[in-house]
Amino acid sequence: KFGPTEWKDASAEGFTVPRTIGVTGLCRTNPEEIDEEKWVWGDCPNDFDVDFMDLWYAIRGGGGGTWGVVLSMHLQLHDYVPRVDYAA
């Protein structure tokens, strides 16, 4: 969970929106919990080595390329249904 927390006026540079100068984030304090409704967010541990500013840059397009960033993925698997072949 992260996002911009500091901005500066960029109108002198010709922009109509502020420039992001600071991004902070939170980490899950109970990563073993599967149920999303029970997730608890708090400050990241000191040994958590993620630069949220770099992550924000990558999410926004990373400089004009066509790359994207996957932060998490959820797969919903279905029960196996055996294939049935019908002879004509």
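**Bridges, a disulfide and surface patches**

Q: Hi! Starting with Glu13: what is its relative accessible area?
A: Glu13 has a relative accessible area of 44%, which makes it partly exposed. Keep in mind that this is a predicted model.

Q: Good to know. Which residue does Glu13 form a salt bridge with?
A: That would be Arg19, and the closest N and O atoms of the two are 2.3 Å apart. Arg19 is partly exposed as well, with a relative accessible area of 34%.

Q: How many salt bridges does a search of the whole structure find?
A: The search finds 2. Besides the bridge between Glu13 and Arg19, there is one where the side chains of Arg83 and Asp85 meet, at 3.1 Å from N to O.

Q: Switching to cysteines: how many disulfides does the structure hold?
A: The structure has 1. It joins Cys27 to Cys44, with 2.0 Å from S to S.

Q: Where in the chain do Cys27 and Cys44 sit?
A: They come from distant parts of the chain, 17 residues apart. Cys27 belongs to strand 3, residues 27-28, while Cys44 is in the loop that runs between strand 4 (41-42) and helix 1 (52-59).

Q: Is the link of Cys27 and Cys44 right-handed or left-handed?
A: Right-handed, with 90° about the S-S bond.

Q: Are Cys27 and Cys44 buried or exposed?
A: Cys27 and Cys44 are both buried.

Q: Where does Leu71 lie?
A: Leu71 is in the segment that follows helix 1.

Q: Why does Leu71 count as exposed?
A: Because its relative accessibility is 52%, and exposed means over 50%.

Q: One last topic: which residues form the negative surface patch?
A: Four aspartates form that patch, namely Asp47, Asp49, Asp51 and Asp54.

Q: And where is Asp54 found?
A: Asp54 is part of helix 1.

How values were computed: Residues are numbered from 1 along each chain as its sequence is written. This is a predicted model: local features need pLDDT of at least 70, side-chain atom pairs count only at pLDDT 80 or more; totals for chains, interfaces and linings use all residues. Side-chain values use heavy atoms; hydrogens and water are left out. A disulfide is a pair of cysteine sulfur atoms within 2.5 Å. Helices (H or I, at least four residues) and strands (E, at least two) are DSSP runs, numbered from the N terminus. Buried means under 20% relative accessible area, exposed over 50%, partly exposed in between (1.4 Å probe, protein chains only). Patches are made of residues with over 30% relative accessible area and no salt bridge: like charges are joined within 9 Å, nonpolar side chains (Val, Leu, Ile, Met, Phe, Trp, Tyr) within 5 Å. Accessible areas come from the Shrake-Rupley method with a 1.4 Å probe; for residues, only the protein chains shown count as cover. Lys and Arg count as positive and Asp and Glu as negative; His and the chain ends are not counted. The place of a charge is taken as NZ of Lys, CZ of Arg, CG of Asp or CD of Glu.
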